[in-house]
Amino acid sequence: MQSILFEQRPITPSKVVCIGRNYVDHAKELNNEVPASPVIFIKPNSAISNELYAGTAQPLHYEGEIALLIMEDAIAGVGFGLDLTNREIQNELKAKGLPWERAKAFDRAAVFSDFVRLADPVESLRLELRINDSLAQQGGYELMIFKPDFLLEEIAHTFTLEDGDIILTGTPKGVGAFNRGDRFIGTILSGDKTLVSRAWTAL
C-alpha cells in the first residue's frame, strides 16, 4: 500500500477523490462544459506516488491541485498534488462516453508533496506550479466553482471518506504535457505565506 507523509508521519489513504472541471478557465481550455454539479472520480491507493514519472509510449499531462487530507470527516491537512492524465486516452474515452480510469487512475498518476496540518482558513488557500523556472499554473479557493466544504458534503452522499483519504480539488488553467528532465516546483500558500512546497524532476 502506498502512503503519504502528514507532519512526518506515514498515512495510508484508501483512495484519492478527484474533482474535475472545478475551475471555469480550465474547463474552457479543454473545450468542456462548465459543470452544474461536481465531476467526481476516484484514483486508487495504487496510483499514489511521491515521485514524478513522465509518460513512455504516450505523453502525460500535469494538473496541479490543492490536495486536502481528511481526518474524522474534516479537513486536517493540505499538500500539493499532481493529477497526471493520459490526455490521448482520455479524449478517446470521452468521445465514446466511457469511464476515465485508464487515463486517470493508472499507477503513479497521483503525485503528492508532504502534507502539513491546516491551521489557516481554507478560504486563504492557493497554489503555484512552476515548471523549468516558469510559472505554469496558479489559482485557488476564490476561483473554485465548488468550494471545499461543499465538496465534502457532496462526496459524502456517495463515498465514505476514511481517515487519510485525499481530495484533489481541481486544477486551474495552464495544464499541458511534460517530459523527462522537466523540473517542477509545486507550492501551496495561504495568502503570501508558503505552507508546503515540493520540487520534482520528472523521471
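## The cavity

How many cavities of 30 Å³ or more does the structure hold? In this predicted model, the structure holds one cavity that reaches 30 Å³ or more, and the space within the largest cavity comes to about 130 Å³.

Its lining is made up of 18 residues, and those nearest the centre of the largest cavity are G20, R21, H26, E63 and K104. Two or more lining residues are given by each of the elements β3 (15-20) and α2 (87-95), with α2 providing the largest share, three residues. Sorted by class, the lining of the largest cavity contains seven charged, seven polar and four nonpolar residues.

## The largest pocket

The largest pocket holds about 170 Å³ of space, and 13 residues line it, with A54, G55, T56, L60 and F106 the closest to its centre. The lining of this pocket divides into six nonpolar residues, four polar residues and three charged residues.

In soluble globular proteins, nonpolar side chains tend to be buried together. Here the largest nonpolar core comprises 55 residues, and L82 and F112 are the ones with the most contacts inside it. Strand β7 (residues 64-71) supplies the largest share of this core, namely six residues.

When residues up to four places away in sequence are not counted, L82 touches L52, Y62, E63, G64, A109, A110, V111, L129, F184 and W200. One of these partners, E63, is also among the residues that lie nearest the centre of the largest cavity.

## Two buried strand residues

T187 is located in strand β15 (residues 183-190), and it counts as buried because its relative accessibility is 11%, under the 20% cut-off. The side chain of T187 makes a polar contact of 3.0 Å with the side chain of S197. With neighbours within four places in sequence left aside, the residues in contact with T187 are F80, R126, L127, E128, T194, V196 and S197.

G176 belongs to strand β14 (residues 176-177), and its relative accessible area of 12% falls under 20%, so G176 is likewise buried. Although G176 and H61 stand 115 residues apart in sequence, their C-alpha atoms are 4.9 Å apart in space. Beyond its neighbours within four places in sequence, G176 is in contact with L60, H61 and Y62. Of these, L60 is also one of the residues closest to the centre of the largest pocket, while Y62 is also touched by L82.

Technical notes. Residues are numbered from 1 along each chain as its sequence is written. This is a predicted model: local features need pLDDT of at least 70, side-chain atom pairs count only at pLDDT 80 or more; totals for chains, interfaces and linings use all residues. Side-chain values use heavy atoms; hydrogens and water are left out. A nonpolar core is a set of buried Ala, Val, Leu, Ile, Met, Phe, Trp, Tyr and Cys residues joined through side-chain atoms within 4.5 Å. Buried means under 20% relative accessible area, exposed over 50%, partly exposed in between (1.4 Å probe, protein chains only). Helices (H or I, at least four residues) and strands (E, at least two) are DSSP runs, numbered from the N terminus. Contact means heavy atoms within 4.5 Å. A polar contact is a pair of N or O atoms within 3.5 Å; within protein, one must be able to donate a hydrogen and the other to accept it, and residues adjacent in sequence count only if both atoms are side-chain atoms. On a 1 Å grid over the protein atoms alone, a cavity is a set of points where a 1.4 Å probe fits but cannot get out, and a pocket is an open set with protein on both sides within 12 Å along at least five of seven lines; lining residues have an atom within 4 Å of a point. Grid points are joined across faces, edges and corners, and a volume is the space filled by probe spheres set on the points. Ala, Val, Leu, Ile, Met, Phe, Trp, Tyr, Cys and Pro count as nonpolar, Asp, Glu, Lys and Arg as charged, and the others, Gly among them, as polar.
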